[in-house]
Amino acid sequence: MADSNKLMHDVYSEHHAWVYGWLRRKLGCAHNAADLAQDTFLRILSSRDALLQASQSRGYIATTARNLLIDRARRQRLEKAYLEQLGLLALEHPGVPGAERIWETLEALEQICGLLDGLGAKPRQAFLLHYLEGQPQAVVAEQLGISVRMVQKYLVQVLLHCQQVREPS
């Protein structure tokens with residue numbers, strides 16, 4: 001194991017500055033070059049065979065970095081196309097929420113998930129169906145196979161639980 005750690009250290013020490021410089025010239029950005037250099041070594045160091053090849057050849061390191069550059073370019077093209085489509089969708093449908101509103105909604109949902117943590121499945125499901133999906137209590141009762149009175153008890157239980165979680169004693 002010690003030999004493997006030494007090999008990792010040697011490969012990283014010998015080649016990091018070189019691959020960082022190469023990527024910086026290709027990308028024209030120090031931050032992106034640093035990220036990709038790190039990703040290159042993570043990929044190499046995660047495989048013993050790759051580590052052995054990298055220790056013997058800069059070409060292997062360059063190929064790994066080049067493949068990561070290609071993956072990055074593909075991902076950027078997909079992201080750009082996706083954002084363009086979202087922009088067109090927003091123009092066609094003015095009621096569609098913007099990115100900021102979507103982000104706020106996701107944050108709120110994460111907070112709700114945190115508050116509901118530790119509840120039983122049925123109380124949590126009753127809460128989500130009633131408050132998030134807007135289902136009437138009778139419909140929630142039917143879907144869960146319980147009485148409307150039980151739905152009401154679950155909703156009170158969830159609200160009390162959320163209050164206790166937010167205001168620890």
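**Close-up views of helix contacts in a predicted model**

**View 1. Contact of H2 with H4.** Asn 32, Leu 36, Asp 39, Thr 40, Arg 43 and Ile 44 of H2 meet Tyr 60, Ile 61, Thr 64, Ala 65, Leu 68, Leu 69, Asp 71 and Arg 72 of H4, where contact means heavy atoms within 4.5 Å. By class, this contact of H2 with H4 has 7 nonpolar, 3 polar and 4 charged residues; Ala, Val, Leu, Ile, Met, Phe, Trp, Tyr, Cys and Pro count as nonpolar, Asp, Glu, Lys and Arg as charged, and the others, Gly among them, as polar. The model is predicted: local features need pLDDT of at least 70, side-chain atom pairs count only at pLDDT 80 or more, and totals for chains, interfaces and linings use all residues. Residues are numbered from 1 along each chain as its sequence is written, and side-chain values use heavy atoms, with hydrogens and water left out.

**View 2. Crossing of H2 and H4.** The axes of H2 and helix H4 (residues 58-92) come within 9 Å and cross at roughly 120°. Helices (H or I, at least four residues) are DSSP runs numbered from the N terminus, as are strands (E, at least two). Axes are lines fitted to C-alpha atoms, for helices over the stretch in contact, and angles run from 0 to 180 degrees between N-to-C directions. H2 and H4 are therefore oblique to each other (under 35 degrees is roughly parallel, over 145 roughly antiparallel, 65 to 115 roughly perpendicular, the rest oblique).

**View 3. The Tyr 12 and Phe 41 rings.** The whole structure holds 2 aromatic pairs. In one of them, the ring centres of Tyr 12 and Phe 41 are 5.0 Å apart and the planes stand at 70°, so the pair is edge-to-face. Rings of Phe, Tyr and Trp (its six-membered ring) pair if their centres lie within 6.5 Å; planes under 30 degrees apart count as stacked, over 60 as edge-to-face and the rest as tilted. The pair links distant parts of the chain, with Tyr 12 in helix H1 (residues 2-27) and Phe 41 in helix H2 (residues 30-45), 29 residues apart.

**View 4. Contact of H6 with H7.** Helix H6 (residues 121-132) and helix H7 (residues 137-144) have axes that come within 10 Å and cross at roughly 140°. H6 and H7 are therefore oblique to each other. Lys 122, Gln 125, Ala 126, Leu 129 and His 130 of H6 make the contact with Gln 137, Val 140, Gln 143 and Leu 144 of H7. Its residues divide into 4 nonpolar, 4 polar and 1 charged.

**View 5. Contact of H7 with H8.** H7 packs on helix H8 (residues 148-166) at an angle of about 100°, with the axes 8 Å apart. That makes H7 roughly perpendicular to H8. Gln 137, Ala 138, Val 140 and Ala 141 of H7 touch Val 148, Val 151, Gln 152 and Leu 155 of H8. This contact has 6 nonpolar, 2 polar and no charged residues.
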